[in-house]
Amino acid sequence: MNWVGRPVYSNAFSLRSGNSENQLNDPTTYRPNEWIDIYLTTHEYTQKFRGLIIHAMSSNMSHVGIWNSTDTSFRSKSKWMNPEPSCIMHRDASLKPLRIHFRFKGPPRGTGNITLKALIKVGPAHRGWFYYPNGRDPNLKGVVPVEGFPGTGNDLILYEAAERNLTWIEGKLGESCNEACNSRGLLCDQQALRDNQLSTPEEIEGKLTGIEFLLPLAASCARVAPAKSVNGLSWYNVANNIDGDEFVSPFPNPGSKQLAEVATQLRKDFVHVLRYENNLKKCARVDLHRKGRSLMPAQRMKRL
């Protein structure tokens, strides 16, 4: 690409492990084999980019970890691809959103500190400019950094934290909780599947850190939830969420006022929502048992 500018650090883009206004609150660590959030933000609308590649490197320059996109819609998901699990890049040359949310799974224990690197391409094919995020200066559109190439910037560095004993396991397609746990010499904790500890997306993301979920999570009152379908969609359990909180179906039905309205804590309303999911998402109770992956709690499991 002889007509493209050399890569420079630019503050028009940021790569972070958090998305709050105060960057000092961003996590500075990762845990082995657990998923975390990574955000790439474009701070100037005129700098919306078309190309991107992100990867994480260990101290010995090896590519580590696993990347995934978070949007389950066909249009958004098609923008990203994994040439290999340890990196993620653009699939097409369309303009990308101003903020992109990725999921990154930390490498195995003993990898040590890792550096996350991103290369951003702005402009049409074979022309334009390359940038690194987290720069000190703008350095846009061919400006040569005062200190020379590639300018001054800070790559995102995450430090390895202590590995935790993950308390959940993921069953194979078609396995029940009992079958999955029995195959590992464990006993399924049915009560943990029925309680309210996993009744919101935040609880799922916070507790099932070792399980890969495509975001956003959808609500379901099927007994098998939390679960993943064969096409990667994921559900959290609202069947036992009867503490008075209102629940809005994530799949509004334009043809049925009743199903588009807010469902209250009544079980029959959740059944209506489930029926609606059956019709549009092919997510019946039986289908989830047949085609979905049940997630089983290993915490408090007893060896047989």
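The structure is a predicted model, in which local features need pLDDT of at least 70 and side-chain atom pairs count only at pLDDT 80 or more, whereas totals for chains, interfaces and linings use all residues. Residues are numbered from 1 along each chain as its sequence is written, and side-chain values use heavy atoms, with hydrogens and water left out.

The chain contains seven helices and 18 strands, where helices (H or I, at least four residues) and strands (E, at least two) are DSSP runs numbered from the N terminus. Of the 304 residues in the chain, 45% are buried; here buried means under 20% relative accessible area, exposed means over 50%, and partly exposed lies in between, with a 1.4 Å probe and protein chains only. Among contacts between residues at least 6 apart in sequence, 67% join residues at least 24 apart, a contact being heavy atoms within 4.5 Å.

Strands E2, E4, E10 and E7 form, in that order, an open sheet with antiparallel pairing; two strands pair if DSSP finds at least two bridges between them. The edges of this sheet are strand E2 (13–16) and strand E7 (66–69), each of which pairs on one side only. In general, strands of a sheet pair through backbone hydrogen bonds, either parallel or antiparallel. Strand E7 and strand E10 (residues 99–105) pair in the antiparallel sense over four bridges, and Ser 69 has Phe 102 in E10 as its bridge partner.

The structure holds six aromatic pairs, for which rings of Phe, Tyr and Trp (its six-membered ring) must have centres within 6.5 Å, with planes under 30 degrees apart counted as stacked, over 60 as edge-to-face and the rest as tilted. One of these pairs is formed by Tyr 9 and Tyr 132, which is tilted, with 5.1 Å from centre to centre and 50 degrees between the planes. This pair links distant parts of the chain, since Tyr 9 belongs to strand E1 (residues 4–9) and Tyr 132 to strand E12, 123 residues apart. Tyr 9 counts as buried at 11% relative accessibility, whereas Tyr 132 is partly exposed, with a relative accessible area of 27%. Another pair, Trp 67 with Phe 102, is edge-to-face, with 6.3 Å from centre to centre and 85 degrees between the planes. Its partners lie in strand E7 and strand E10, 35 residues apart, and both Trp 67 and Phe 102 are buried. Ring pairs also link Trp 67, Trp 80, Phe 102 and Phe 104 into a cluster.

The loop between strand E12 (128–132) and strand E13 (156–160) includes Asn 139, which is buried, with a relative accessible area of 8%. The side chain of Asn 139 reaches the backbone oxygen of Tyr 9 at 2.9 Å. Leaving aside neighbours within four places in sequence, Asn 139 is in contact with Val 8, Tyr 9, Tyr 131 and Pro 145.

Most residues other than glycine have a negative phi, and most peptide bonds are trans. In the loop between E12 and E13, Lys 141 has a positive phi of about 55 degrees although it is not a glycine, and Lys 141 is exposed, with a relative accessible area of 53%. Pro 150 is placed in the loop between E12 and E13, and the peptide bond from Phe 149 to Pro 150 is cis, with omega near 0 degrees.

Terms used. A polar contact is a pair of N or O atoms within 3.5 Å; within protein, one must be able to donate a hydrogen and the other to accept it, and residues adjacent in sequence count only if both atoms are side-chain atoms.
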